[in-house]
Amino acid sequence: MLKIRWLKIIRELQSNKARTLLVVLSIAVGVFAVGTIVNSWIVMLNDLSAAYLATDPADAIFNLEPFGDDVVSAVEGMREVDSSEGRASVVVKLDTSDGEQVNLNLYAVEDFRQLKLSRMTQETGDWPPLRRQIFVERSWADSLEGVAIGDNVIVEAPDGREYELVFGGLAHDLHQPSAFVSDTAYGYVDLDTLEWLGQDRTFNRLYITVSENRLDKDHITAVAQDVKERLERDGIAVRSVTIPTPGEHFATPFVKAFLLVLGFLGIFSMFLSGALVLNTVSAVVARQVKQIGVMKAIGGSNIQITEIYIGTVVVFGLLSLSIAVPLALLGTRALSDFYAGAINFDVVTTSIPPVVILLEVFVGLAVPITAALIPILAGTRMTVREAISDYGIGSDNPNSLAMRLTSGRPGIGALALAFRNTFRRKTRLALTLITLTLAGATFVSVLSVRRALYTSFDEVLGYYQYDILTDFSDTYRFTQIEREAQRLPEVAAVEGWLAVGAVRQRPDDTESGSYQLIGIPPESDFLDPILTAGRWLSADDRDAVVVNSDFLNGEPDVQVGDWITLAVDGDDTLWQVVGTITTQYNPTGAVYTTGEALGRQLNLVGYANQVAIRLVDGSPEAQKRIAPLVEERFKNAGMLVGRTTAISDFVESFEARFNLLTVFMLMMAFLLAIVGGFGLAGMMGLNVLERVREIGVIRAIGASDRQVRRIILSEGIVVGLISWVLAFVLSFPLSKLLSDGVGLAFANEPLTFSFSYGGGALWLGFALLIAIIASYIPARGASRLSVRETLVYE
Amino acid sequence: MFWNNSKNGGGFTGKGIRTGSEYLIELNGITKQYETAAGPFTALHDIDLRIGAGEFVAIIGKSGSGKSTLLNMIAGIDRPTGGEVIVQGTPVHKLSEGQMAEWRGRNLGIIFQFFQLLPTLTVAENIMLPMEFAGLYAPKQRRARALELLELVDLVDQADKLPSALSGGQQQRVAIARALANDPPILVADEPTGNLDSKTADAIFDLFERLAAEGKTIVMVTHDIELAGRVGRAVTVVDGELVDEPVPVGLDMPAYIAPDYALAAR
Ligand SMILES: Nc1ncnc2c1ncn2[C@@H]1O[C@H](COP(=O)(O)OP(=O)(O)OP(=O)(O)O)[C@@H](O)[C@H]1O
Ligand SMILES: [Mg+2]
């Protein structure tokens, strides 16, 4: 036979469905937020890392002059090298199905099935690509919408000739940035097809893995150095060496930045949910103090009574878990699929990791039980008289301040009652305020971070005072470039730049990764960098350079005034750092010098391999329209064009990255707003429930429904307003902290702080809306009860 | 009588921890102070009271005189500020809240003015709950016992209703049945008829008289002088003190100074 005690638990839950729902949802929100966040965190990091390692990523990638199989075998023969592989990489142009052209980085090997390192895998079609077939990276599938396997696609080779290739299917390549963040597509052909496209049947990329210490970047760097020396001895020029962070997908820092925000919100949600649960559960139990007294009067021991209420809370917790655990799994899927899609990997983990379950149980059971224990223990320790006494209408006294503020003033009536009521339950008020304040402060902080992201972004944009940048595959006299460009009436101004890859020779004899060394006219107004130290270039500089913070992240020892050695095409050049500038959010650092200084070093004075163009109309549409015309112009003049970038394209891909972060932040902010709403609704509901008798008395002495409702609504609004003020104040330090954190994780540099006053105003609106909704429901309930009902209410 | 055959037994035959006193209930020098906003307020002044087994005692006095406070001391519902309460040899004032509850479950039945039935349990379940708490009677027999007790208070047909569906008088009879659940030797009631019309009050009072006749020791606070006249002995509280003046209890002598007499008179 079911014990009466358990019966009591079940009946309590049933007879107070609205309250049960409120408590269950309060707990569920916390379980959901924590579950989703922690689960996504684990799933994303694990699956990205697992998928990446499964491709056998190369430890170092060399960009070389053309070479053949003999070089590959020779390098593989080196003791420190485990395996090596050659690949051909060439940038062509692909006609997309919407009639545009995109740059397509084409990779070619003899047989993709034999690929050992940094493998790509088949997504659709029959891998590997056969003669005259092309596979395209899957994240670019949208660009080939409507193109079926077997259909023809048009590819424009570097010499400007067009070829028809058969679309073989999609491949998945984890080693390339996805369409979401990159404006270059990736494609795969075999060497026969490459030859047919008019290219040499040679490699220009060498992939290696080292034999030992594969996770030691210094070791890999040292091995790469040996390989480089060996290659140079064999007469093969090394253009650049890339050493990815060992064992880590290149998007990992981005994922981590995102996870940082996620983790921050996760911890907040846990606190929020804790406060909310503490509030609701303890109020539920506190309301039962009289029943606790009665049960003690009829012989219930402390343990028996505690059991009943813990039992009730366990049921609350289990109900919440049964709702929130599956929802958190769905949330995890939605969240991680979205981000995995943006980064271009697949989430394969479908199970919930045990730690996540543990955390969910902790939030769903341990927190509410702890919350309930406080009033339960208080209730069992009270004497029966204290527990069941009804001394007057309510036994707590209003806060004396609230009393003083409102007493003795004529005409304040109902409002004074609302104000005093609000302060009557101090602990509950405090917890509700904490919930709402945390929710509000997080909401405003998230919006501030979003704003800071866009402010930083605008700064980066301000940096680019030109509209189109064309890279040439060769160097040309600047006068020729300028003449060709100026033939287009849309072009307002032109600058020729010289950009080369450079490797820093560090004082400790190691080498850095590859940086860009760019020679520009010192008086150039095409760039508007923000100096962080030192000065900008001037016309009479001979060997001065300015470095950006992306460079400094790799070379933290470099300071203004230092001399640095940069290897360009194998030759060491010596430069003095005269200034540093803020990040451009580029993956590679940049070193700026005057065009003349670099030209002299390279014997290319008066030459350029990049042209920056400012248009008469710099709108994104104009940029997009004119970029191909510019390219056409240069090609017609017989110049080899590598790629042409409209700055607006860059802006868009940049924006996409930021949106990825902020979309989620906004989602969380709204979730927090909802949690806060629950908190207030809970508090108002409980306050009203507790004072049903008092409300009955007010009505018995002549208060109208509207007056009763107004008292309760004013109470809610008072709380909403107080929480808003607190949230607003708290959101300043919080915003700063969060935006610094995101910036550091995202670009190794705090974001330019920008407080979102709009967000503050928006939260004011929300807080009031929440307050009104949260108190309207109990207010309506209270005004519906008849006086008789309220007076006998138990 | 069926309520006398429990393991508990009645009054004196109980636990054997008697202190040598022949009184079932003994209050020695009880003082109670309440902390109020206006400073401490003494509700009971140095009260001595002895109640023998099987007595039916009424506590009477004006509103605010301290009747409930005094009763609460006996039932362990509240703690004295000073003095001792010894019930059936147990120093109640020394028990912790938890021990007190368990002690009460077996030895004392409480009836409140506002019934205090648990609203989410049916009438029968309300009566079974004390048995469950005390672990008395086999779980399967508890319902049968609850029904027997309901029969006693003439409410068997209401067994499976919720308290809210019952009238005040019916609820109070359920509360009495609940107080009898574990067959305690002592019943304590604070204005059990205070909330009822006089006809219903009469019926409830009859019930108490029957229980007293069966040997229960009953201590009852009442406002109703007429009813008070029907009990074996009345104790008057005036401003927190027991007074010597004769009271209209239908006895010649003030009962509080002649407990032995009251016992003998039965
Ligand atoms: N919790 C309390 N705090 C402060 N004073 C109290 C408290 N309970 C009772 N009192 C005071 O103690 C005195 C005795 O109260 P008690 O409830 O015992 O009176 P009573 O005789 O039962 O009255 P009634 O017939 O109205 O029930 C009263 O003056 C009352 O104001
Ligand atoms: Mg009283």
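Contact here means heavy atoms within 4.5 Å. The legends below describe close-up views of a predicted model.

**View 1. The interface between chain A and chain B.** In this predicted model, 27 residues of chain B are in contact with 29 residues of chain A. The two chains bury about 2600 Å² between them, and carbon and sulfur atoms give 65% of that area. On the side of chain A, the residues that lose the most area to chain B are Ile4(A), Ile298(A) and Arg385(A), together 26% of what that side buries. The size of an interface is often given as the accessible area lost when the parts come together.

**View 2. Polar contacts and salt bridges across the interface.** Between chain A and chain B there are 11 residue pairs in polar contact. The count of salt bridges between the two chains is 4. One of the salt bridges pairs Lys296(A) with Glu97(B), and their closest N and O atoms are 2.7 Å apart.

**View 3. The side of chain A that touches chain B.** Five elements of chain A each supply at least two residues to this side: helix 1 (4–15), helix 7 (289–297), helix 8 (302–343), helix 9 (354–381) and helix 10 (384–388). Helix 1 of chain A gives the largest share, 7 residues. Sorted by class, this side of chain A has 11 nonpolar, 9 polar and 9 charged residues.

**View 4. The peptide bond between Trp127(A) and Pro128(A).** The bond that joins Trp127(A) and Pro128(A) is cis, with omega at about 0°. Pro128(A) sits in the loop that runs between strand 4 (121–122) and strand 5 (133–137) of chain A. Most residues other than glycine have a negative phi, and most peptide bonds are trans.

**View 5. Asn344(A) in a loop of chain A.** Asn344(A) is found in the loop between helix 8 and helix 9 of chain A. Asn344(A) is a residue other than glycine, yet its phi is positive, near 80°. Asn344(A) counts as buried because its relative accessibility is 3%, and the cut-off for buried is under 20%.

**View 6. Glu191(B) in a loop of chain B.** The loop that holds Glu191(B) lies between strand 7 (186–190) and helix 6 (198–213) of chain B. Phi of Glu191(B) is near 45°, which is a positive value in a residue other than glycine. With a relative accessibility of 11%, Glu191(B) also counts as buried.

Methods. Residues numbered from 1 in each chain as written. Chains lettered and ligands numbered in written order. Predicted model: local features only at pLDDT ≥ 70, side-chain atom pairs only at ≥ 80, totals over all residues. Heavy atoms only, no water. Buried area = accessible area lost by both parts, 1.4 Å probe. Salt bridge = Lys/Arg side-chain N within 4 Å of Asp/Glu carboxyl O. Polar contact = N/O pair within 3.5 Å; in protein donor to acceptor, adjacent residues only side chain to side chain. Helix = DSSP H or I, 4+ residues; strand = E, 2+ residues; numbered from the N terminus. Nonpolar A, V, L, I, M, F, W, Y, C, P; charged D, E, K, R; others polar. Buried < 20%, exposed > 50% of the residue type's maximum accessible area, 1.4 Å probe, protein only.
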